[in-house]
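Have the structure open and follow along.

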Amino acid sequence: MKQLQGIIFDLDGTLVSSSLDFPAIKREIGCPADADVLTYLKTQPEDVQRAAMDVIHRHERLDAESCEWIPGARAFVEACHQQGIPMAIVTRNSLKSSQAKIERNSIPIERVITRENSKPKPDPSALLQVAEEFGLPPESMLMVGDYRYDLEAGRNANMKSCLVNFTILPDYSHLADYTFEHFGMLHRAMFG
């Protein structure tokens, strides 16, 4: 892992806690339980999309008001800073809720890409954009996340992917190049 030169983080469930209740959000907006919310919304008329986005923004705003650093994440980010490793956040959240979470927790990562300014993960566009901005080949970067879309985006961008923050290894863990139950383990693997 020491050869990795740049890191992209997911935000919710990776760097900060999340209380988003996706089954409740899906019920409220009429999204099928097995469908991806953002993909489902693209198939809906504009008035339905607007109303659904209002619901999603309300849930994200409430979530942002209570989020906290995931244990060990702050120390890992600080170690990356000390080592001069460039970092970015790529999230499927809105810019407004992402900024609220970043400000609330004083997350020292300046480059943030949200669903408003790039195609959402698992599309690799945002990850490839970050690699280009950092002047790094995608294969020298690590995508760190807690969900399938993070790992798929990493693979789609030809980056290493790292699954963190789980108590039971999820069924999509095979998509990860690295799996660590918590940031302390990732910290040791990266920095010794």
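Start with helix α4, whose buried residues pack against β1, β2 (87-90) and α8. Bear in mind that this is a predicted model. The α4 residues in question are A73, F76, V77, A79 and C80, each of them buried. Looking down the helix axis, you'd find them within an arc of 160°, so they line one face of α4.

Now hop over to α8, which spans residues 183-191 and buries F183, L186 and M190. Their arc around the axis is only 60°, which puts them on the same side of α8. And what sits over that side? The cover includes β1 (6-9), α4 (73-83), β4 (141-145), β5 (160-164) and β6 (178-180).

| Helix | Glycine after the helix | Phi |
|---|---|---|
| α4 | G84 | positive, near 75° |
| α8 | G192 | positive, about 80° |

How many residues does the largest nonpolar core have? It has 30, and the ones with the most contacts inside it are I7, F9, L15, I107, V144, F183 and L186. Two or more residues each come from β1, α4, β2, β4, β5, β6 and α8. The largest share belongs to α4, which puts in 4 residues.

Setting aside neighbours within four places in sequence, V144 touches I7, I8, F9, D10, T14, C162, V164, F183 and L186.

Helix α3 (residues 46-64) packs against helix α5 (residues 95-105) at an angle of about 0°, and their axes are 9 Å apart. That angle is under 35 degrees, so α3 counts as roughly parallel to α5. On the α3 side the contact uses E60, D63 and A64, while α5 brings S97, A100, K101 and R104. Sorted by class, this contact has 4 charged residues, 2 nonpolar and 1 polar.

Technical notes
Residues numbered from 1 in each chain as written. Predicted model: local features only at pLDDT ≥ 70, side-chain atom pairs only at ≥ 80, totals over all residues. Heavy atoms only, no water. Buried < 20%, exposed > 50% of the residue type's maximum accessible area, 1.4 Å probe, protein only. Arc of directions from axis to C-beta. Contact = heavy atoms within 4.5 Å. Core = buried A, V, L, I, M, F, W, Y, C linked by side-chain atoms within 4.5 Å. Axes fitted to C-alpha atoms, helices over the stretch in contact; angles between N-to-C directions. Parallel < 35°, antiparallel > 145°, perpendicular 65-115°, else oblique. Nonpolar A, V, L, I, M, F, W, Y, C, P; charged D, E, K, R; others polar.
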